[in-house]
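Could you look over the notes below alongside the coordinates? They are set out as numbered points for a colleague who wants to check each one.

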Amino acid sequence: MSRFREELRIVPRNAWIVGWLVYLGLATLLGLVSTVGHDPGLSKMPAVGKVFFAAGIPIFLFMLVLLIGYVYADAKRRGMRYVMWTLLATFIPDAIGVILYFLLRDPLPTSCPRCSTLVKHGFAYCPQCGAPVEIACPQCRRAVERGWQNCAYCGTKLPISGPSQSAA
Amino acid sequence: MNEHAEIRELLSLAAAGALRREEEERVARHIHECAECTAEFENWQSLAAGLRRLPTPQPPAGLVERTRARTAWQLAAEGEQRWNHGVLIFLVLFGWTLTLASWPVVRLVSGGLLGWLDPGFEHTWIGLVGYTALVWVTGGVAAAMLALRRRRERRLA
């Protein structure tokens, strides 16, 4: 539950405002259509059903707006292309854009142990102070993963005890 | 294994100070009576003393911080992976709920426009199936395009 609250805090305030406006607007529209409209299905519906219809369905749109706001803020903090992802989450219907975002998003950036700058995942050195943040290939200095026998970028044989951790 | 052989196994540990009190006392009693073990114990003691005099290698600067940051990052990544599984299940259910919930709204707000475009489309089930298929095919095409783009970016990296 605490994780859920933490993630909810990422949603920007503007997304909450837009979400409530969308909810109220759609609820009002559906309320009007269900009371004064001429739809045969709706006119037979009891009053409770109409209220549920007008107040319940816009909740999903409200949630979608919050999810889009989350995608915007989360992609930004991960150093991803947040405008593109926000547009995809908005225009691909039925939250499919949001699903794609969760499937393809980058890992969270790591914090530099020396200057605390957020460093994008995959960088071997801090771009601000040059401190090593990941294990790097001794030859090409690119970040390598634990368990690799050879560097995936230049093909250098990596030491068994682990690649170079040489400080800048 | 007799007493002598057992004590010989413990001599190196005794010299390193790694035995329990009762074991230490047992070794001391045996050494007092056995010249061979006394000589071996003295050898071990001088070796241990020599090792203690060697300079202690210092870890590179920032290694502890780096390891701590790396561990914290790995824990966060594992937590996020578990969280992502739950979120994806929720989102798929949410996506389908949104499809089903938005259909009556589309039908109602369009004011019969769909029926005007094609009278057969007004039949709820045909319309719903068509609408759902259109939405998920759009999503599938977008997913395929993004996956291709990502693969190309990785190749260029």
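Predicted model: local features only at pLDDT ≥ 70, side-chain atom pairs only at ≥ 80, totals over all residues.

1. Chain A has six helices and two strands, and read from the N terminus the order of its elements is α-α-α-α-α-α-β-β. Of the 168 residues in chain A, 29% are buried. Among the contacts in chain A with a separation of 6 or more, 36% are between residues 24 or more positions apart.

2. How do α2(A) and α4(A) lie relative to each other? Helix α2 of chain A, residues 13-36, packs with α4(A) at an angle of about 155 degrees, the two axes being 8 Å apart. Since an angle over 145 degrees counts as roughly antiparallel, α2(A) and α4(A) are therefore described as roughly antiparallel. Their crossing is right-handed.

3. The residues behind that packing can be listed on either side. From α2(A) come A15(A), V18(A), G19(A), V22(A), Y23(A), L26(A), A27(A), L30(A), G31(A), S34(A) and T35(A), and these meet K50(A), F53(A), A54(A), A55(A), I57(A), P58(A), L61(A), F62(A), V65(A), L66(A), I68(A) and G69(A) in α4(A). Sorted by class, the contact of α2(A) with α4(A) comprises 17 nonpolar, five polar and one charged residues.

4. The largest nonpolar core contains 23 residues, and those with the most contacts inside it are L64(A), L67(A), I68(A), V71(A), A89(A), A95(A) and V98(A). Two or more residues of this core are given by each of α4 (47-77), α5 (82-91) and α6 (96-104) of chain A, and also by α4 (63-109) of chain B. The largest share, nine residues, is that of α4(A). Once residues up to four places away in sequence are set aside, L67(A) touches A89(A), A95(A) and V98(A). Another core, of 11 residues, lies apart from this one and includes A124(A), C126(A), A131(A) and V144(A).

5. Between the chains, 29 residues of chain A are in contact with 31 residues of chain B. On the chain A side, α2, α4, α6 and β1 (110-111) each supply at least two of the residues that touch chain B, and the largest share, six residues, comes from α6(A). By class, the residues on this side of chain A divide into 22 nonpolar, three polar and four charged.

6. In chain B, helix α1 (residues 3-16) packs with α2(B) at an angle of about 115 degrees, with 10 Å between the axes, and the crossing is left-handed. On the α1(B) side, E3(B), I7(B), L10(B), L11(B) and A14(B) meet E23(B), E24(B), V27(B) and H30(B) of α2(B). This contact has five nonpolar, one polar and three charged residues.

7. Leaving out neighbours within four places in sequence, I31(B) is in contact with C37(B), T38(B) and F41(B). From I31(B) to I7(B) the C-alpha to C-alpha distance is 8.7 Å, with the two residues 24 apart in sequence.

Note on methods
Residues numbered from 1 in each chain as written. Chains lettered and ligands numbered in written order. Core = buried A, V, L, I, M, F, W, Y, C linked by C-beta atoms within 7 Å. Buried ≥ 20, exposed ≤ 12 C-beta atoms within 10 Å, placed from the backbone. Helix = DSSP H or I, 4+ residues; strand = E, 2+ residues; numbered from the N terminus. Contact = placed C-beta atoms within 7 Å. Axes fitted to C-alpha atoms, helices over the stretch in contact; angles between N-to-C directions. Parallel < 35°, antiparallel > 145°, perpendicular 65-115°, else oblique. Left-handed = near helix turned anticlockwise from the far one by under 90°. Nonpolar A, V, L, I, M, F, W, Y, C, P; charged D, E, K, R; others polar.
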